[in-house]
Amino acid sequence: TVIGPKAVVGDGVEIRNHVVIARGVQIGSGCLIKSHAVIGEEGLGIDRDSDGNNIRIPHLGSVVLGMNVEVGSFATVCAGTIAPTRIGDYSKIDDHVHIAHNVQMGRNVIVTGHVEIAGSVAVGDRAWFGPNSSIVNGVSIGASAVVGVGAVVIRSVPSNETWFGNPARKAPPLP
């Protein structure tokens, strides 16, 4: 396990094998970081120079995990570009999940296995993400929203709605 400079790890945090916690990451008390998780490394922030060449955008914002957050094995939580990527208290991130730069996640969110949340996504409290779902850059997922298994979210999902499919759309009411 590697813990970078200026990282802050709260009381009662369990960090398992081969974890990387990058520079300036803040981890609240009671968190569980499972093996091979990477928290606070740069995401794929790319722009183009005047010649059209791909260049990396610096990620200076780091990551802030609230209290009692769980980050699964082989999960990545990328540093924000300017402000930190934030994961709210009691949120649970399963194994093999990718959370990109600048994501702002509320409290008590559940992110199941193999979910990909792209950059600058805002997630409300108590949202739930089904396995293998993908969320594109810059959309919002409302409080208590449900994103179905394998859904590809390309538009914002309002609070208290269930969306599924590719592209994701609102689920019809149950009979």
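This is a predicted model: local features need pLDDT of at least 70, side-chain atom pairs count only at pLDDT 80 or more; totals for chains, interfaces and linings use all residues.
Me: Which residue is the bridge partner of Gln26 in strand 10?
Reply: That would be Val64.

Me: What order do the strands of that open sheet come in?
Reply: The order is 2-5-10-13-16-19-22, which makes seven strands with parallel pairing. Strand 2 (8–9) and strand 22 (140–141) are at the edges; each has a single partner strand, so one side of each has no neighbour in the sheet.

Me: And how many helices and strands does the chain have overall?
Reply: The chain has zero helices and 26 strands.

Me: Nice. What about the overall dimensions of the C-alpha trace?
Reply: Along the principal axes, the trace spans about 55 × 50 × 20 Å. The radius of gyration is 16 Å, which agrees with the value near 16 Å for a compact globule of 175 residues.

Me: How much of the chain is buried?
Reply: Of the 175 residues, 45% count as buried. The accessible surface of the chain is about 8,500 Å², and carbon and sulfur atoms hold 54% of that.

Me: What share of the contacts comes from residues 24 or more positions apart?
Reply: They account for 13% of the contacts in the chain with a separation of 6 or more.

Me: Switching to charges. How many salt bridges are there?
Reply: The count is four, taking a side-chain nitrogen of Lys or Arg within 4 Å of a carboxyl oxygen of Asp or Glu. One of them joins Arg16 and Glu14, with the closest N and O atoms 2.8 Å apart.

Me: Are Arg16 and Glu14 buried, exposed or partly exposed?
Reply: Arg16 is partly exposed at 34% relative accessibility, and Glu14 is partly exposed too, with 39%.

Me: OK, which residue does Arg107 form a salt bridge with?
Reply: Its partner is Asp89, and the closest N and O atoms are 2.8 Å apart. Arg107 sits in the loop between strand 16 (104–105) and strand 17 (110–111), while Asp89 is in the loop between strand 13 (85–87) and strand 14 (92–93), so the pair ties together parts that are 18 residues apart in sequence.

Me: Buried or exposed, for Asp89?
Reply: Asp89 counts as buried, at 18% relative accessibility. Arg107, in contrast, is partly exposed with 38%.

Me: What about the salt bridge of Lys170?
Reply: The side chain of Lys170 meets that of Glu161, at 3.7 Å from N to O. Glu161 is buried, with 18% relative accessibility.

Me: I'm also curious about His101. Where is it?
Reply: His101 is in the loop between strand 15 (98–99) and strand 16. With a relative accessible area of 15%, His101 falls under the 20% cut-off, so it counts as buried.

Me: Which residues does His101 touch?
Reply: Leaving out residues up to four places away in sequence, the contacts of His101 include His59, Cys78, Thr81, Thr85 and Ser120. Several glycines are on the list as well, among them Gly43, Gly45, Gly80 and Gly119.

Me: Now the surface. Which residues form a nonpolar patch?
Reply: Ile110, Trp128 and Val149 do, with about 270 Å² of accessible area together. Trp128 belongs to strand 20 (residues 128–129) and is partly exposed, with a relative accessible area of 30%.

Me: Where do His18 and Arg126 sit?
Reply: His18 is in the loop between strand 3 (14–15) and strand 4 (20–21), and Arg126 is in the loop between strand 19 (122–123) and strand 20. His18 counts as exposed at 54% relative accessibility, whereas Arg126 is partly exposed at 48%.

Conventions: Residues are numbered from 1 along each chain as its sequence is written. Side-chain values use heavy atoms; hydrogens and water are left out. Two strands pair if DSSP finds at least two bridges between them. Helices (H or I, at least four residues) and strands (E, at least two) are DSSP runs, numbered from the N terminus. Buried means under 20% relative accessible area, exposed over 50%, partly exposed in between (1.4 Å probe, protein chains only). Contact means heavy atoms within 4.5 Å. Patches are made of residues with over 30% relative accessible area and no salt bridge: like charges are joined within 9 Å, nonpolar side chains (Val, Leu, Ile, Met, Phe, Trp, Tyr) within 5 Å. Accessible areas come from the Shrake-Rupley method with a 1.4 Å probe; for residues, only the protein chains shown count as cover. The radius of gyration is taken over C-alpha atoms; the globule rule is 2.2 Å times the number of residues to the power 0.38.
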